[in-house]
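Q: I have a structure open and would like to go through it piece by piece. Can we start once it is on screen?

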Amino acid sequence: MGITGNLTPQQLDFFNTQGYLVIESFASPEEINGMRDRMNELLDGFDCSVTSIFSTKNQKESTDDHFFESADKVSFFFEEKAFDDEGKLKQSKQLSINKVGHALHEHEPVFKNFCGSGKLLSMLVSLGYKSPAIIQSMYIFKQPGIGGEVVPHQDNSFLYTNPTSCTGLWLALEDATVVNGCLWAIPGSHKNGLVRRFIRDENGVHFDRPSPDYDQKDFVSIEVKAGSLVVIHGDLIHQSFENQSSKSRHALSLHVVDTKDHIWAPDNWLRRRVDPEPLYVSS
């Protein structure tokens with residue numbers, strides 16, 4: 001394979017203890033501008049007559065065929081609060097989109113280049129991945145004034161392998177603060193294991209058990225500058241609040257799973273037509 005890990009023992013200890021890790025200046029300004037510019041081009045060409053809303057608060061009700069079919073495509077999803085009572089956009093489509101996903105890393109060269117970069121592969125080696133694959137990629141906008149809440153959750157709930165192997169990679173494309181909706185997490189919560197799963201079956205999608213009640217005092221804010229990467233353990237409880245500010249909070253969210261000695265659950269919501277290509281395969 002020829003790839004060596006790039007995380008220090010101190011970084012790995014923090015990640016294993018806290019369940020997350022912030023790596024500042026992971027992406028260069030050129031990489032950030034390239035991704036943002038390409039997304040602006042995609043938005044300009046997007047036909048907003050096709051509407052699909054994304055919400056983590058009402059996932060069973062808001063999940064539709066457009067969402068299911070987006071696993072290996074580049075699809076657009078609106079904010080819940082983007083429409084008026086007559087179903088018309090309150091503002092421009094550029095300020096109404098919640099996210100674009102879930103296969104930017106396969107179809108868009110600027111995102112594919114970042115996802116296959118040596119620094120990202122080296123980090124995954126440090127985390128112990130043998131044959132990692134990006135299972136989904138999302139450009140998240142967190143629009144000013146209407147950017148929706150993301151309720152407390154664990155990434156392994158949605159992207160389950162046996163044994164579990166999901167890691168979230170959250171790249172800030174703009175500064176993320178408590179004002180515009182940064183991430184919040186319960187440090188060390190990954191040590192308690194997976195709480196519940198998000199299942200897709202003949203009845204659609206649903207969680208296999210209710211969500212626990214979380215004490216907001218247990219969460220800490222993860223404020224980061226643009227270019228910072230937040231590495232998130234698949235069992236870490238994390239969330240973000242509504243963006244009620246006048247500033248957006250763009251981010252690229254990737255989720256990685258191991259394809260070696262790990263079995264992708266057939267009842268996951270995400271079902272691809274073709275298995276993802278591993279970023280590398282270790283000997």
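Q: Where is Asp261 found?
A: Asp261 is in the loop between E14 and strand E15 (263–264). Keep in mind that this is a predicted model.

Q: Is Asp261 buried or exposed?
A: Asp261 counts as exposed, at 67% relative accessibility.

Q: And what is phi of Asp261 near?
A: Phi of Asp261 is near 65 degrees, which is a positive value in a residue other than glycine. Most residues other than glycine have a negative phi.

Q: What about Ser25, what is its phi?
A: Ser25 is not a glycine either, yet its phi is positive, at about 55 degrees. Ser25 sits in the loop between strand E1 (20–23) and H2, and with a relative accessible area of 63% it is exposed.

Q: On to peptide bonds. Which residues does the cis bond with omega about -5 degrees join?
A: That cis bond joins Asn162 and Pro163. Pro163 is in the loop between E6 and E7.

Q: Which side chain has a polar atom 2.6 Å from the backbone oxygen of Pro163?
A: The side chain of Thr161. Thr161 belongs to strand E6 (residues 161–162) and is buried, with a relative accessible area of 1%.

Q: Leaving aside neighbours within four places in sequence, what is Thr161 in contact with?
A: Thr161 is in contact with Val257, His262, Ile263 and Trp264, leaving aside neighbours within four places in sequence.

Q: What is the peptide bond from Gly101 to His102, cis or trans?
A: The bond from Gly101 to His102 is cis, with omega near 15 degrees. His102 is part of strand E3 (residues 97–102).

Q: Which residue touches both Gly101 and His102?
A: Ser70 does; not counting residues up to four places away in sequence, Ser70 touches Ser75, Phe77, Gly101, His102, Ala103 and Trp269.

Q: Where is Ser70 found, then?
A: Ser70 is in the loop between helix H4 (65–68) and E2. Ser70 counts as buried at 0% relative accessibility, and its side chain reaches the backbone oxygen of Phe67 at 2.6 Å.

Q: Phe77 was in that list. What lies over the face of Phe77?
A: Lys99 lies over the face of Phe77, at 5.6 Å from the ring centre. Lys119 lies over the face of Phe26, at 5.4 Å from the ring centre.

Q: Let's do the aromatic pairs. How many are there?
A: The count comes to 14 aromatic pairs. One of them is Phe46 with Phe78: the ring centres are 5.9 Å apart and the planes are at 45 degrees, so the pair is tilted.

Q: What parts does the pair of Phe46 and Phe78 tie together?
A: Phe46 lies in the loop between H2 and helix H3 (59–62) and Phe78 lies in strand E2 (residues 74–78), so the pair ties together parts that are 32 residues apart in sequence. Phe46 and Phe78 are buried.

Q: What about Trp184 and Phe241?
A: Their ring centres are 5.6 Å apart and the planes are at 75 degrees, so the pair is edge-to-face. Trp184 lies in strand E8 (residues 183–185) and Phe241 in the loop between strand E13 (238–240) and strand E14 (251–258), so parts that are 57 residues apart in sequence are tied together. Phe241 counts as partly exposed, at 32% relative accessibility.

Q: Which residues do ring pairs link into a cluster?
A: Ring pairs link Phe46, Phe76, Phe78 and Phe83 into a cluster.

Q: And the largest nonpolar core, which residues touch the most other members?
A: Met39, Phe114 and Leu169, out of 40 residues in that core. Helix H2 (residues 29–44) gives the most to this core, with five residues.

Q: What is Phe114 in contact with?
A: Leaving aside neighbours within four places in sequence, the contacts of Phe114 include Phe26, Met35, Lys119, Leu171 and Leu254.

Q: Last one. How many residues apart in sequence are Ala172 and Ser228?
A: Ala172 and Ser228 are 56 residues apart in sequence, and 5.6 Å apart in space, C-alpha to C-alpha. Ala172 is in strand E7 (residues 167–172) and is buried, with a relative accessible area of 0%. Beyond neighbours within four places in sequence, the contacts of Ala172 include Ile32, Val224, Ser228 and His250.

Key: Residues are numbered from 1 along each chain as its sequence is written. This is a predicted model: local features need pLDDT of at least 70, side-chain atom pairs count only at pLDDT 80 or more; totals for chains, interfaces and linings use all residues. Side-chain values use heavy atoms; hydrogens and water are left out. A nonpolar core is a set of buried Ala, Val, Leu, Ile, Met, Phe, Trp, Tyr and Cys residues joined through side-chain atoms within 4.5 Å. Buried means under 20% relative accessible area, exposed over 50%, partly exposed in between (1.4 Å probe, protein chains only). Helices (H or I, at least four residues) and strands (E, at least two) are DSSP runs, numbered from the N terminus. Contact means heavy atoms within 4.5 Å. Rings of Phe, Tyr and Trp (its six-membered ring) pair if their centres lie within 6.5 Å; planes under 30 degrees apart count as stacked, over 60 as edge-to-face and the rest as tilted. A charge sits over a ring if NZ of Lys or CZ of Arg is within 6 Å of the ring centre and within 35 degrees of the ring normal. A polar contact is a pair of N or O atoms within 3.5 Å; within protein, one must be able to donate a hydrogen and the other to accept it, and residues adjacent in sequence count only if both atoms are side-chain atoms.
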